[in-house]
Amino acid sequence: MNIREIEAEAFKQIHQNYVMTMFPRNEIRRYSGLKKLMKRGCYFVWILEKAGELIGFAAVLRDPKQNIGILDLFAILPKHQQDGYGSYFLQRLHKEENLPNLLIECEYPTDESKQKRIDFYEKNGAQRSPYDWRSFGVKYEVLYLTKNEMSRDDKIVERITDVYALTLPPLLIRLLTHLKKRS
């Protein structure tokens, strides 16, 4: 089993072949924008492979100054799901790829598949925060994985807007995103 970071050109094929078909349209960013972020050192993509075969991929939007990132994409190819690869990949990324503080946006659990996604992350050590995050009209629960004691919910989760600031101007962040503590 091998995990390795890939460059923008290698990600282009994954984006075309998998991202465009495996993720909801409203969650997909254009490849051209992601490529720019990769060149700026804010967007990182890793693949999980076994004997040269692609098993899955993950992408993180990361603020290197603050050592915090958002798991933007995480997928295990359908034929490899339910074999433990997702847990293995997520845990290795968190422990070994300089991702000590990782935020995870999960669409609000309005159906079984969305709840399964949240259950998967919790099973792998993610903590549910008491915050709701609305971004571009989509409501998310925010979970997080952390390695240190910065883990108070308000300390780590409130920095989600800092990470979004890597991709959006402040005005759009104020207009199109909203972090709210549940009562």
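**A walk around the model**

Start by selecting Phe136, Leu171, Leu172, Leu175 and Leu176: together they make a nonpolar surface patch with about 460 Å² of accessible area. Patch members have over 30% relative accessible area and no salt bridge; nonpolar side chains (Val, Leu, Ile, Met, Phe, Trp, Tyr) are joined within 5 Å, like charges within 9 Å. A salt bridge here is a side-chain nitrogen of Lys or Arg within 4 Å of a carboxyl oxygen of Asp or Glu, and areas are Shrake-Rupley values with a 1.4 Å probe, with only the protein chains shown counting as cover for residues.

A quick note: this is a predicted model, where local features need pLDDT of at least 70 and side-chain atom pairs 80 or more, while totals for chains, interfaces and linings use all residues. Numbering runs from 1 along each chain as its sequence is written, and side-chain values use heavy atoms, leaving out hydrogens and water.

Now click Leu176, in helix 7 (residues 170–176); helices are DSSP runs of H or I, at least four residues, numbered from the N terminus. Leu176 is partly exposed at 33% relative accessible area, because buried means under 20%, exposed over 50%, and partly exposed in between.

Next, hop to His94 in helix 3 (residues 85–96). His94 counts as buried, at 10% relative accessibility. Show its contacts (heavy atoms within 4.5 Å): leaving aside residues up to four places away in sequence, His94 touches Leu99, Pro100, Leu145, Thr146 and Lys147.

Last stop, the rings. Select Lys139, which lies over the face of Tyr108, 4.1 Å from the ring centre. That label needs NZ of Lys or CZ of Arg within 6 Å of the ring centre and within 35 degrees of the ring normal.

Conventions. Helices (H or I, at least four residues) and strands (E, at least two) are DSSP runs, numbered from the N terminus. Buried means under 20% relative accessible area, exposed over 50%, partly exposed in between (1.4 Å probe, protein chains only).
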